[in-house]
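User: Could you walk me through reading this model, one feature at a time?

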Amino acid sequence: MALPSCQQRALRRALCSTTVPTRHCRAAVIRGYLTAAVSLLTKMAELGAGSLLTGDPAFNYHEHELNERLKRLYPAVNEEETPLPRSWSPKDKYSYIGLSQNNLRVHYKGHGKNHKDAASVRATHPIPAACGIYYFEVKIVSKGRDGYMGIGLSAQGVNMNRLPGWDKHSYGYHGDDGHSFCSSGTGQPYGPTFTTGDVIGCCVNLINNTCFYTKNGHSLGNNLMKNDLRPNLYPTVGLQTPGEIVDANFGQQPFVFDIEDYMSEWRAKIHSMIARFPIGERLGDWQSVLQNMVSSYLVHHGYCATAMAFSRATETMIQEDQTSIKNRQRIQKLVLAGRVGEAIDATQQLYPGLLEHNPNLLFMLKCRQFVEMVNGTDSEVRCFSVHSPKSQDSYPGSPNLSPRHGATNAHLHNTGADSPTCSNGVTPTNKNKSHNKYTGVSSASSSPSSSPSSVNYSESNSTDSTKSQPHSATSNQETSDSEMEIEAEHYSNGVTESSTRIMNGTYKHQEILQADDSSVGNGVADDSCSSRQLCGGNQAATERMIQFGRELQALSEQLCRQYGKNATHKKMLQDAFSLLAYSDPWNCPVGQQLDPMQREAICSALNSAILESQNLPKQPPLMLALGQATECVQLMARVRSGSCSFARVDNFLH
Amino acid sequence: MKNAVIGNNRQKANLIVLGAVPRLLYLLQQSSSSLELRTECAVVLGSLSMGTENNIKSLVDCHIIPALLQGLLCSDLIFIEACLRCLRTIFISPVTPVQLLYTDPTVIPHLMSLLSRSQHTQEYITQIFAHCCKTPEHQTVLFNHGAIQNIAPLLISPSYKVRMQALKCFSVLAYENAQVSMTLVNVLVDGEQLSQVFVRMMQRDKPIEMQLTAAKCLTYMCRAGAIRTDDNCIVLKTLPCLVRMCSKERLLEERVEGAETLAYLMEPDIELQRIASVTDHLVSMLADYFKYPSSVSAITDIKRLDHDLKHAHELRQAAFKLYASLGSNDEDIRKKITETENMMDRIVSGLSESSIKVRLAAVRCLHSLSRSVQQLRTSFHDHAVWKPLMKLLQNAPDEVLVMASSTLCNLLLEFSPSKEPILESGVIELLCSLTQSDSPALRVNGIWALMNMAFQADQKVKVEIVQALGTEQLFRLLSDPDTNVLMKTLGLLRNLLSTRPHIDQIMSSHGKQIMQAVTLILEGEHSIEVKEQTLCILANIADGNTAKELIMTNDDMLQKIKYYMGHSNVKLQLAATFCISNLIWNEEDGSQERQDKLREMGFVDILHKLTQASDPNLCDRAKTAMQQYLA
């Protein structure tokens with residue numbers, strides 16, 4: 001989530017000001033952000049409430065059910081890339097077609113004199129190849145005058161003034177004669193006729209490129225014609241006489257035909273095909289390849305003792321020497337414990353020149369260090385606190401040295417490598433999206449927690465100001481910059497109570513800051529507070545953090561001058577600094593950065609860089625193979641090979 | 001010994017010839033010998049039984065079965081397992097008489113108790129049961145010893161083999177057995193209904209063998225009346241599963257079993273027939289069953305040719321059976337079947353195949369299709385199916401005869417164009433001989449065919465029938481214990497006695513006997529239908545010119561008619577009134593005298609009363625009769 005520009009500007013001002021501001025002033029700046037954050041949260045809460053009000057609960061339930069079913073049926077489909085059909089398209093239809101009931105019901109509204117009055121409608125999206133097997137059903141609500149209805153598929157651009165099946169790249173099963181039409185004006189005898197009350201289904205098998213229809217839950221068999229289905233077909237229905245009404249089911253309801261059973265047969269087929277893939281006489285080679293993979297994986301992640309034991313047992317060689325492995329292990333441990341500053345020092349000491357040659361990596365590390373300072377875990381701020389901050393070692397989800405696989409890992413490898421040709425499976429777009437998704441989720445979850453304060457805020461605010469300008473609580477009409485100054489002035493008075501009133505900020509954190517300000521060296525306040533605190537709640541540490549932030553900003557500018565603008569860096573920096581804008585950074589839209597899990601990405605990137613500098617592979621072959629397999633399956637989806645749907649890598653990871 | 005015989009059938013035979021078996025059995029039974037020794041003996045015997053069928057015969061002749069069964073009483077599990085393994089191998093062989101399992105009544109309960117010992121005992125015992133349950137008696141014995149409760153939990157055993165054998169057990173137990181089937185539907189396995197467990201076993205990702213056997217279980221339960229034919233587990237699961245088993249992708253054996261089971265499942269239910277007929281193009285899928293051995297396999301692959309040849313007959317008969325079942329009720333499906341490529345030719349050639357099974361199935365299929373008026377008129381005639389059918393009737397076992405003669409009945413229907421050529425081929429003799437068969441089904445078919453033949457037939461044909469059948473046989477049939485035979489014989493008489501000249505001619509030569517027979521039936525204990533049919537014959541006789549007199553001069557008969565006019569059953573009243581109406585019909589010679597005589601006997605009063613009857617038909621009939629007096 002991007003902050004409003006005024007806040008960004010203020011932030012930059014705070015971090016880049018050449019004159020050293022007083023600590024009051026800095027605190028005020030921080031407080032300014034907190035205000036802004038509250039207003040932001042209020043807005044978000046309002047938005048959330050708004051969307052809730054408009055949503056019909058029953059509809060939401062169906063929506064949820066639909067999403068669940070689609071996810072279960074088509075797990076390999078990435079809907080960001082290729083959305084699934086969920087309704088008929090109000091745009092892609094002939095004028096004689098009317099839609100209702102969330103664009104699921106289709107009725108005919110033409111004259112229906114002859115076949116020239118036929119009309120069709122396509123679904124909103126084509127069937128993604130990654131479905132492997134796709135299915136939808138249509139219930140005949142009324143057969144109308146003559147029951148000239150066609151159910152099937154057509155490509156984008158096929159004439160909609162026709163029934164599906166009559167034209168090229170169009171396929172349909174017709175109710176009046178039970179014939180199947182495959183891109184031809186003359187149908188082939190196919191199945192029974194259908195009429196009012198029947199449920200007709202259409203199943204597309206993208207593995208063998210066939211299609212079959214069902215009637216009331218019974219498969220009618222593959223089309224007699226060998227139809228080489230072209231890609232990107234849309235679910236389509238066509239009607240021709242008045243009174244004809246049909247309802248579509250794209251997964252909104254359970255299907256009458258047991259499509260999951262049909263899918264399970266193909267899944268079993270493809271799995272057995274994989275299991276029976278012949279490896280011939282190279283059986284012996286395979287074993288040593290596998291052993292090497294395991295061994296190199298252990299070495300890569302610094303499981304020194306295990307790797308040694310494994311190599312002894314299997315009589316494999318380890319390329320790297322033990323001290324090197326142990327060094328890497330130490331550095332990784334530091335990063336994973338959040339002590340990034342120490343990790344940087346250790347790296348510079350053990351691998352001189354490494355970080356200098358990798359400014360991007362260094363920048364990432366420093367960014368992380370800043371985040372860890374906010375977290376209170378980095379040694380530079382930790383040394384200030386009397387008591388060791390709670391958030392450091394007792395972090396429940398602390399990953400220590402266990403590398404994670406799957407999405408998180410793929411993500412981290414991508415972030416770590418600056419070359420887009422990174423062999424690990426997930427594409428950059430994918431990565432961004434998943435990241436966005438996460439922030440979306442976290443913002444949603446954070447809004448209820450902040451609601452008490454926002455309610456207070458809006459109450460008191462409503463008396464003297466409009467809601468559209470929530471942060472003009474002091475009724476001044478000036479820009480945010482000046483607002484900041486005013487606030488700073490207020491604060492410099494040192495009158496805690498009045499400032500609270502003026503700010504309308506009833507959040508605890510502010511008080512904590514004030515307590516820090518007024519009682520330097522008095523650590524009692526820290527302990528009494530149960531919530532996690534900025535920089536471990538230590539004033540000096542906070543100062544150090546601000547200073548470090550400024551250094552980081554400088555580094556960014558320097559890199560910018562040297563290598564040109566870098567959007568990734570900008571984003572990273574922005575995200576890190578944004579943490580300061582919230583009363584509770586751990587519970588804010590960008591709070592995810594503080595999760596110890598996030599250390600894994602940078603840890604792995606650093607590890608890879610060290611290995612690369614030693615002329616060792618920066619990725620363990622095992623991960624490479626895994627990434628390659630994942631990428632391969634995704635490539636299959638893009639080149640429209642439907643079997644990818646049932647050859648998912650996760651199915652083979654236990 | 002053990003190592004010498006493994007995998008070597010010649011060595012096994014040698015050992016048996018040398019008399020090793022009695023010695024091994026002796027050691028096995030000797031309780032003084034050590035357990036290891038006894039176990040080794042059982043293992044060697046097990047190995048010997050894995051040989052040829054002859055080996056098994058020799059082993060059985062040495063009374064190995066009682067000895068091994070005795071061994072099961074030992075407490076040592078390894079020894080028991082060795083004995084069971086050997087028993088299993090012997091019992092699954094086709095040469096072993098299954099009855100040997102049931103001779104000692106303590107064996108089955110003991111086997112049931114051993115089911116809990118280990119996965120191996122479970123596998124072997126269920127496999128023995130699955131192979132040795134061949135008759136309803138066997139089913140009852142196993143059922144009474146708690147087979148269902150003991151085996152049901154094995155359906156969720158971790159071992160695939162155990163699950164599979166348990167499933168097979170249920171399929172043989174439920175076959176045509178209402179008691180077992182009714183019990184099965186109420187059994188819960190791990191809180192789940194058994195039918196649901198079977199449905200899960202039919203999921204498409206399960207092994208084919210398991211899907212097929214589970215479908216069989218549900219089919220048998222359904223046919224035994226334990227599951228309704230419109231239950232979702234039948235309509236949406238079992239039926240589609242069996243149709244899948246008929247697909248080209250399946251092995252030939254699976255296709256045969258699938259088609260036979262499906263035919264059995266839907267035989268009595270038109271709705272299932274309709275659904276199956278549109279599922280996955282089943283009708284055209286079955287046409288592939290006739291393509292073995294394929295021309296390709298003949299040239300390229302001897303092994304495959306052999307395999308195809310072996311299954312070709314089985315495939316054909318299974319397809320015919322399934323077609324017969326599909327087409328038994330629905331006209332549209334019959335049409336679809338006859339329109340399948342070369343179907344009629346295939347049936348025709350099937351009728352004269354060497355394999356009885358194929359001939360029987362082909363004639364069943366033909367019979368099913370012969371219920372269609374349209375097919376009788378068109379494809380049946382075009383393909384002259386009567387020719388091979390007649391040939392089949394000459395010299396065939398009873399089961400084929402029943403089907404063939406039943407088909408012939410339909411072919412002899414009046415509108416069938418095949419009727420003429422069949423008549424010319426001298427079928428009457430054949431049908432008459434059928435009426436003398438011991439089998440009631442054959443007698444019915446014989447007389448039924450004659451009845452159809454006599455319907456609206458020429459005088460010549462009728463005379464021929466009467467002559468060929470002979471009055472003696474005719475009257476014998478009239479006293480047949482089978483009501484169906486009686487009804488059809490009366491039907492034949494009625495058809496013979498139609499149109500005036502025919503009536504008079506037949507009555508002049510056989511009048512006396514016929515009147516006797518009619519009297520006999522009217523006086524006897526018979527159903528309403530039989531009596532109605534008899535009164536109709538009487539009415540036909542009353543329609544004759546000279547034949548009338550046979551009734552008019554028979555006062556006893558007139559009294560009987562009078563009685564039936566006042567009967568409580570409308571049908572009988574109607575038939576009797578019809579008879580009187582014919583007697584008093586105006587335009588005929590001597591009608592006045594007959595009217596007078598009948599008036600004297602009080603028929604007018606009765607007729608008068610009947611004009612007030614509540615039944616409109618009877619009322620009309622009586623009014624028409626009264627008008628004869630008024631004119």
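User: How many salt bridges are there between chain A and chain B?

Analyst: A salt bridge is a side-chain nitrogen of Lys or Arg within 4 Å of a carboxyl oxygen of Asp or Glu. Here the count between chain A and chain B is three. One of the salt bridges pairs Lys269(A) with Glu249(B), with the closest N and O atoms 3.7 Å apart. Keep in mind that this is a predicted model, where local features need pLDDT of at least 70, side-chain atom pairs count only at pLDDT 80 or more, and totals for chains, interfaces and linings use all residues. Residues are numbered from 1 along each chain as its sequence is written, chains are lettered from A and ligands numbered from 1 in the order in which they are written, and side-chain values use heavy atoms, with hydrogens and water left out.

User: Which elements of chain A give two or more residues to the side that touches chain B?

Analyst: Helices (H or I, at least four residues) and strands (E, at least two) are DSSP runs, numbered from the N terminus. In chain A, those elements are β12 (218–222) and α4 (259–275). The largest share, six residues, comes from α4(A). By class, this side of chain A has seven nonpolar, seven polar and four charged residues. For the classes, Ala, Val, Leu, Ile, Met, Phe, Trp, Tyr, Cys and Pro count as nonpolar, Asp, Glu, Lys and Arg as charged, and the others, Gly among them, as polar.

User: How do I read the area buried between chain A and chain B?

Analyst: Buried area is the accessible area (1.4 Å probe) that two parts lose on being put together, summed over both. For these chains it is about 1,300 Å², with carbon and sulfur atoms giving 50%. On the chain A side, His218(A), Asp261(A) and Glu265(A) lose the most area to chain B, together 40% of what that side buries. As for contact (heavy atoms within 4.5 Å), chain A brings 18 residues and chain B 15 residues.

User: What is the strand order in the open sheet of chain A?

Analyst: Two strands pair if DSSP finds at least two bridges between them. The seven strands run in the order β1-β4-β13-β6-β7-β8-β9, with antiparallel pairing. β1 (88–93) and β9 (188–189) of chain A stand at the edges with a single partner strand each, so one side of each has no neighbour in the sheet. Two bridges join β1(A) to the antiparallel β4(A), residues 119–123, and Lys93(A) stands opposite Val121(A) in β4(A).
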